[in-house]
Amino acid sequence: MAMAMVRSGLRTALRGGSAAPRGAPASKRTFASAARHDDVYKKKNAMLNGRSCICADEAAKWEKITYAGIVTCTVLAVYQLSKGHHHFDPPPPYPYLHIRNKEFPWGMMFILSSCIV
C-alpha cells in the first residue's frame, strides 16, 4: 500500500502537478468533447428562447403525418383484404391416400360414432 502511494506521488510530481490534500474537493474532470457539446447546447437554447413554438409546431406536424399514415394503411389493408383471392382446385382422389388396412387400437366404432353425431 505504501509503495502504491509512493508511485502515485512520483507520477504526479513527474507530470508537474501538485498532490491535492485529502480534504480538498476533487477538481472537475473535463473531457475533450465536453466544451464543444456545452457550447452547442447553449447556442441551441439561445436560439429557441422566445421561439419555443417551433417545437410545438413541429410536433403537431408529425402528429398529423402519423394519423394520415394510419388512415392510409388502414384503407389500403381493407381494400387489399376485401378483394377476392384465388382458390386452388381440390387434389385428385389418388387411390393410395388414406388407406386403412387394419383397425385402430381403440376400435373403428369410436371414429364412426363421432362422425355420425
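Visitor: Which residue does lysine 61 form a salt bridge with?
Guide: Glutamate 58. The closest N and O atoms are 3.2 Å apart. A salt bridge here is a side-chain nitrogen of Lys or Arg within 4 Å of a carboxyl oxygen of Asp or Glu. This is a predicted model, where local features need pLDDT of at least 70, side-chain atom pairs count only at pLDDT 80 or more, and totals for chains, interfaces and linings use all residues. Residues are numbered from 1 along each chain as its sequence is written, and side-chain values use heavy atoms, with hydrogens and water left out.

Visitor: How many salt bridges does the count come to?
Guide: The count comes to 1.

Visitor: New topic. How many helices and strands?
Guide: The chain has 4 helices and 0 strands. Both are DSSP runs, numbered from the N terminus: helices are H or I with at least four residues, strands E with at least two.

Visitor: Where is confidence highest and lowest?
Guide: Highest in helix H3 (residues 53-82), at a mean of 92. Lowest in helix H4 (residues 108-116), at 59. The chain's mean pLDDT is 74. That is the predictor's confidence in each residue, from 0 to 100.

Visitor: Where does tyrosine 96 sit?
Guide: In the loop between H3 and H4. Tyrosine 96 is exposed, at 55% relative accessible area.

Visitor: Which residues form the nonpolar patch?
Guide: Tyr94, Tyr96, Leu97 and Ile99. Together they have about 440 Å² of accessible area, from the Shrake-Rupley method with a 1.4 Å probe, only the protein chains shown counting as cover for residues. Patch residues have over 30% relative accessible area and no salt bridge; like charges are joined within 9 Å, nonpolar side chains (Val, Leu, Ile, Met, Phe, Trp, Tyr) within 5 Å.

Terms used:
Buried means under 20% relative accessible area, exposed over 50%, partly exposed in between (1.4 Å probe, protein chains only).
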